[in-house]
Amino acid sequence: MDRYLVQGGVRLEGEIEVSGAKNSALPALAACLLTAEPVLLNRVPRVRDVQTMLGLLARCGASVSQEGGCVRVAASDLTSTEAPYDLVKTMRASSLVLGPLVARCGRARVSLPGGCAIGARPINLHLAGLERLGARIRQEHGYIEAEAPNGLQGATIHFDRITVTGTEDLLMAASMASGETVLENAAREPEVTDLAALLGKMGARVEGAGTSTVRIQGVSRLRGAEHTIIPDRIETGTFLVAAAITGGDLLVKRCDPGHVSALVAKLTQAGAGVSEAGPDGLRVRTAGRLSSADVTTEEYPGFATDLQAQYMALMTQAEGVALITETIFENRFMHALELVRMGADIRIEGRRAAVAGPRKLGGAAVIASDLRASASLVLAALVAGGETVIDRVYHIDRGYEEIEKKLRAVGAKIRRVKAA
Ligand code: EPU
């Protein structure tokens, strides 16, 4: 397994560019299954989860080609409607093919994802929604089997709790259901809005994406389209924190500042100097001490759970005690124990972590437990004295495009050691 070796203590300086959003690319790729015509997607990040999704589309019979960030998917003849366990177990977002396959082919067989490092993460709300659209759902041998031989019918679906991929799955399914579907208590994440924009170009009739009520008038056929994926807001946030934690001066380019407002507000409160640099740039210039600022994760536009781990690394360097409350996932503090091994003072009680700082961190051997946890360990390693060895970096490869190369270009001393 590959590892990172990081020598801490360098201020990051320069310009760093954000890639397309992984969590937008994944539903956009799944949406390609809805049409027999080719779909062209630009700015698709070259990360492991995207490769897994491309593999899944290919197994369904789609023809897939990729050149740099440009991906072309042509799903004219689908030969399989199954998402097998060997793919789903490596990426839970595989369940995003459920809605499109049932809508286009009248059936789908998708493995249940099983356990996850950050929480139980069931897909019951996706299934309840599909049932409301008239699909028959059975669960057998670890697989979900969904059938709608006569097509899906529009309905009102009220999500018991906000789910991002659940909203996306149902948005895709409803695009080809007959009549009107209303999604209530829908996720408002920019990735949902981006998916709706792609679906619109494909001929879907969607209104209200980005608000909690989304209305879809189903159509019988969708066409091919070309679409550019939005910037990755979590990568953006990770770079903002990288600048703040190293006391650096970084221009984060090709981002959408509006998508990271909750983080920017907290960074500002903590004393990091963040300013807008044109319509798609953010500059962080931090001089002097950071002070602690409490955070509670929430659905968008609140503070993203996907930035909680990175923010926790930052708070180890801030004066005072920061309370970090995780409300989205029940087990998303695995990074805290690794940060403690590096010298952080973090106490966890249920869903709340109290981070006392500033503490001098020292390099240590640590293990990445999930994608965002890995990012937080890289950030902590950037300020730790000496060398940090981060094991299992395959987690970070799932969602960050060439992170070590990008960080190295702004001064970080980070290198990958390939597994023997
Ligand atoms: N939930 C249910 N039932 C469901 C669906 C969700 O109980 O059917 C619960 C979950 O267990 C969780 C909460 O609802 O406690 C919210 O989960 P959500 O469905 O919104 O998460 P997701 O769609 O599986 C996406 C991102 C995650 C991100 C979350 C929250 C993608 C591919 N994944 O997951 O991203 O943390 O939304 O914003 O979009 C990551 O990129 O590292 C990542 C984990």
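## Ligand contacts

A polar backbone atom of Ile 328 lies 2.6 Å from an oxygen atom of the ligand. Taken alone, the ligand exposes 820 Å², of which the protein buries 89%; accessible areas come from the Shrake-Rupley method with a 1.4 Å probe. The model is predicted: local features need pLDDT of at least 70 and side-chain atom pairs count only at pLDDT 80 or more, while totals for chains, interfaces and linings use all residues. Residues are numbered from 1 along each chain as its sequence is written, and side-chain values use heavy atoms, without hydrogens and water.

Two side chains also make polar contacts (here, pairs of N or O atoms within 3.5 Å). A polar side-chain atom of Thr 163 is 2.6 Å from an oxygen atom of the ligand, and a polar side-chain atom of Asp 306 is 2.6 Å from an oxygen atom of the ligand.

## Shell around the ligand

The ligand has 21 residues around it, each with a heavy atom within 4 Å. Those that come nearest are Asn 124, Thr 163, Thr 165, Asp 306 and Ile 328. The shell divides into nine nonpolar, six polar and six charged residues; Asp, Glu, Lys and Arg count as charged, and Gly is among the polar ones.

Helix α5 gives the largest share, three residues. Domain 1 (2-19 + 231-418) and domain 2 (22-228) each supply at least three residues, with bounds from an automatic or database domain assignment.

## Ser 24

Ser 24 is in helix α1 (residues 22-31), helices being DSSP runs of H or I with at least four residues. Ser 24 counts as buried because its relative accessibility is 2%, buried meaning under 20%. Beyond its neighbours within four places in sequence, Ser 24 is in contact with Glu 191, Asp 194, Ile 229 and Ile 230 (heavy atoms within 4.5 Å).

Terms used
Helix = DSSP H or I, 4+ residues; strand = E, 2+ residues; numbered from the N terminus. Buried < 20%, exposed > 50% of the residue type's maximum accessible area, 1.4 Å probe, protein only. Polar contact = N/O pair within 3.5 Å; in protein donor to acceptor, adjacent residues only side chain to side chain.
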